Amino acid sequence: MTGNPTLTVYDRMAEDYRKMASGVEFAGLALFLKVLRPGSRVLDLGCGPGHESERIAAAGHDVLAVDGSAEMVAMAQGRPGVTARQALFEDIPTLGTFDGIWASFSLLHAPRGDFPRHLSQLHAAATPGAPFGLAMKLGDGEAPDSLGRHYTYHAEEDLRDQLAGAGFTPVDMRQGESAGLAGHPEPWIFLLSHA
């Protein structure tokens, strides 16, 4: 999985990301956990160092945490109750079926042309009614950020249309602004949907 500039950044800066994410509770996670059925099998797509995977597991769920970065997967594997493995978005059809899917600021790295296919594959991997938590950066266009990671920005209506096109029904939404690994504040959106 070499040759991907985004994954190279995450491999190089995995410890920085872990420190940044430590102790941060993303508001969308509480909404997601509230609607999960007890003992759900959950996919954390783009799990990073596994901080949110650990919280999902601590709530009594069976978590498969996947990330394209080998360094991030190594960190996630050490989290209590978390099964982690290296996988790319293209591997979604091979991961199995899930009662909940969590994609927190991961699919924003997918090229715009691939995004609808990834959403459709996630819908196919979701059991009927499964919640899908999606966090993305708001904006227009595709470009590398200051660290060299590929970003695809979306508007709210575009995301709602894409989710509906893949078979998901959005049921809740939050917006905010925060600084990520690159260090400067950017607007984001969280959409909670059901398969």
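Helices (H or I, at least four residues) and strands (E, at least two) are DSSP runs, numbered from the N terminus. The model is predicted: local features need pLDDT of at least 70, side-chain atom pairs count only at pLDDT 80 or more, and totals for chains, interfaces and linings use all residues. Residues are numbered from 1 along each chain as its sequence is written, and side-chain values use heavy atoms, with hydrogens and water left out.

Q: Why are E1 and E2 said to pair?
A: Two strands pair if DSSP finds at least two bridges between them. E1 and strand E2 (residues 62-67) have 5 bridges in the parallel sense, with Leu45 opposite Val66. E1 also pairs in the parallel sense with strand E4 (residues 100-104), over 3 bridges, and there Val42 stands opposite Gly100.

Q: Why is strand E1 called largely enclosed?
A: Buried means under 20% relative accessible area, exposed over 50%, and partly exposed in between (1.4 Å probe, protein chains only). In E1 (residues 41-45), 4 of the 5 residues are buried, so the rest of the structure largely encloses this strand.

Q: Why is Leu147 called partly exposed?
A: Its relative accessible area is 24%, and the class in question lies between the limits for buried and exposed. Leu147 sits in the loop between strand E6 (142-144) and strand E7 (150-152).

Q: How do you know that the buried residues of H6 line one face of the helix?
A: In H6 (residues 115-125), Phe115, His118, Leu119, Gln121, Leu122 and Ala125 are buried. Down the helix axis they fall within an arc of 165°, so they line one face; the arc is that of the directions from the axis to the C-beta atoms.

Q: What makes a nonpolar core, and which residues have the most contacts inside the largest one?
A: Such a core is a set of buried Ala, Val, Leu, Ile, Met, Phe, Trp, Tyr and Cys residues joined through side-chain atoms within 4.5 Å. The largest has 40 residues, and those with the most contacts inside it are Leu43, Leu45, Leu107, Leu122, Phe132, Leu134 and Met136. H6 gives the largest share, 4 residues.
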